[in-house]
Amino acid sequence: QVQLVESGGGLVQAGGSLRVSCAVSGRTFSGFILGWFRQPPGKEREFVAAISWSSGNTYYTESAKGRFTISRDNAKNTGVLQMNSLNPADTAIYYCAARNRPTSSDVSAYTRAYQYDYWGQGTQVTVSS
């Protein structure tokens, strides 16, 4: 079992920045992938970014490129999503998710929610205009 706990959401004005974190605990396997998804109000959950815990390779959805940065701190077992230049369209509940034992080392292959085994409870990010 893997446990994920998000923190760091909140309210920010358009153009501002927020950092959300994901504490990872439990039995993880080398090469697991940590992903960030979000669910805007009234919409389906969508992929934001993912990172390979072992290689550090990353992949972003188009809307996140250049604004968001995904990283991990192996020593602290924590994943981080740094979000800059936020706009109201980024308002959503942000979830981190883990895929243990991925069958591919290509991080870009893991953009669908069903591909992830474990999920955090989510943290609200609200961007005001």
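Reader: Which order do the strands of the open sheet of four have?

Author: First, a caution: this is a predicted model. Now the general idea. Strands of a sheet pair through backbone hydrogen bonds, either parallel or antiparallel. Here the order is E1-E3-E8-E7, and the pairing is antiparallel.

Reader: Which strands stand at the edges?

Author: Strand E1 (2-7) and strand E7 (68-73) do. Each has a single partner strand, so one side of each is left without a neighbour in the sheet. On average, neighbouring strands of this sheet are turned by 15 degrees against each other, direction ignored.

Reader: How many bridges pair E7 with E8?

Author: Six, in the antiparallel sense, with strand E8 spanning residues 78-83.

Reader: Now strand E9. Is E9 largely enclosed or left open?

Author: Count burial, with buried meaning under 20% relative accessible area. In strand E9 (residues 92-99), seven of the eight residues are buried, so the rest of the structure largely encloses this strand.

Reader: In a regular strand, how do side chains sit relative to the two faces of the sheet?

Author: They alternate between the two faces.

Reader: Which strands does E9 pair with?

Author: Take them in turn. Strand E4 (residues 33-39) pairs with E9 over seven antiparallel bridges. There, Phe37 has Tyr95 of E9 as its bridge partner. Strand E11 (residues 123-128) pairs with E9 over three bridges, again antiparallel. Ala92 stands opposite Val125 in E11. Strand E10 (residues 118-119) is joined to E9 by two bridges and runs antiparallel to E9. In E10, Tyr118 is the bridge partner of Ala98.

How values were computed. Residues numbered from 1 in each chain as written. Predicted model: local features only at pLDDT ≥ 70, side-chain atom pairs only at ≥ 80, totals over all residues. Heavy atoms only, no water. Buried < 20%, exposed > 50% of the residue type's maximum accessible area, 1.4 Å probe, protein only. Pairing = 2+ DSSP bridges. Axes fitted to C-alpha atoms, helices over the stretch in contact; angles between N-to-C directions.
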